[in-house]
Each structure stands twice: as structure tokens, then as C-alpha cells.
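Biologist: I am new to this one. Please show me the chain, and then let us go through it by question and answer.

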Amino acid sequence: MNFVVLTHEVPDKGIHFDFMLDNGSVLKTWSLSHSPDVNAAHLANTDSVSLTHLEATALLIDVDFATKQIIEKHCQLPPKGQKACILPDHRRIYLTFEGGISNDRGWVQQWDKGDYILLKHSATEVVVQLKGHKLRGIVLLISQNDGAWHFFYKSFGRELSEETRS
């Protein structure tokens, strides 16, 4: 499946990032105030959420054994994540679209794109492995009890990127 990250500049509101996952019929979309690869040090000074290693491991229980081994060997999720606002589903045209959006809703430009593997999906959790031009790693999206979503990204090292290219 495909993913895309768009920078979205909205008049009088500034820039945010749209993280979009293609499910074959629509793009599941979350709005991020920072780039997906923003480092944990930067998030420490913003409105972020903490995730313990135990919580991260518990979320991956349903992941197949081989994938879990790769994640445990190479990828510990960062302790801080950023808030993610779930948006209505978007049309698949945004996989390739860049430019102005109708009704004065700003403009979008591709920041990254590539393929993803869905590792886990439920009403409150989405775990994907990204293989993009900039993003190569694991994304964890979690919905809290209050309905707020949080986005965590951990980049794979060069060694794992080679291991997961197939």
C-alpha cells in the first residue's frame, strides 16, 4: 500500500503536515503540527505525550513474530510523540496531487511518499512500517480514551533499511 505526507499551508493558520495512508479506496488522514521525523528533543518543549517502552511493547502484541523480532532488535520507539488530529478520509488523488486546494483551503506539496506495510490495526491503534524517500521506520498512531490521537515515529538505521527492502 502507499502513503504520502503533504505539507499543507492554510491561509491565516500556517503550515501543518498531512499523514495519509492508502487503504485501497480512500486515504486515512491525520494532521500533524510538526514534520513526522521531528526529534524527541524538540517535542520535549511542545505539547507532546509520553509512551513508555512497556506500553510500546504491549501495543505490538498482535504483530507477527518475525516483524516483532525486527522491531525489538532495531527499533525502540521514542519516549515522546506528537498530537495527531484525525481528519475525514481524503480522495486517493492526494497520493500525487500538489497545488492549490479549492475553496481557499491553501496549498499542498509532497514532503514524502512511498510504501507501507500495515503491522497492526484496530479502532485505537495503527502500526505501520514505512518505506519512503525520507521516512523509513515504524509509525505508531494511538487513540487515547479522550479520543485524541498521538503519533510516534522511529527511524530504522541503515542496517534495518537494507534488511526490510524486500
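Biologist: How many helices and strands are there in the protein chain?

Modeller: This is a predicted model, where local features need pLDDT of at least 70, side-chain atom pairs count only at pLDDT 80 or more, and totals for chains, interfaces and linings use all residues. Residues are numbered from 1 along each chain as its sequence is written, and side-chain values use heavy atoms, with hydrogens and water left out. Helices (H or I, at least four residues) and strands (E, at least two) are DSSP runs, numbered from the N terminus. The protein chain has four helices and ten strands.

Biologist: What share of the 166 residues in the protein chain is buried?

Modeller: Buried means under 20% relative accessible area, exposed means over 50%, and partly exposed lies in between (1.4 Å probe, protein chains only). Of the 166 residues in the protein chain, the buried share is 45%.

Biologist: How many salt bridges does a search of the whole structure find?

Modeller: The term needs a side-chain nitrogen of Lys or Arg within 4 Å of a carboxyl oxygen of Asp or Glu. One of them joins Arg92 and Asp22 at 2.8 Å, N to O. The search of the whole structure finds three.

Biologist: In the pair Arg92 and Asp22, which residue counts as buried?

Modeller: Arg92 is in the loop between β5 (80-90) and β6, and Asp22 is in strand β2, 70 residues apart. Arg92 has 37% relative accessibility, so it counts as partly exposed. At 2%, the buried residue is Asp22.

Biologist: Which residue does the side chain of Lys28 meet in a salt bridge?

Modeller: Lys28 is partly exposed, with a relative accessible area of 32%. The N to O distance is 3.0 Å, and the partner is Asp89.

Biologist: Lys120 forms a salt bridge with Glu125. Is Glu125 buried or exposed?

Modeller: The closest N and O atoms of Lys120 and Glu125 are 2.8 Å apart. Lys120 has a relative accessible area of 11%, so it is buried. Glu125 has 14%, so the word for Glu125 is buried.

Biologist: Where is Asp12, which has a positive phi?

Modeller: Most residues other than glycine have a negative phi. Asp12 is not a glycine, yet its phi is about 65 degrees. Asp12 counts as exposed because its relative accessibility is 85%. Its place is the loop between β1 (2-10) and β2 (14-22).

Biologist: What is the phi of Asp104?

Modeller: Asp104 lies in the loop between β6 (99-100) and β7 (107-121). Asp104 is exposed, at 65% relative accessible area. Although Asp104 is not a glycine, its phi is positive, at about 55 degrees.
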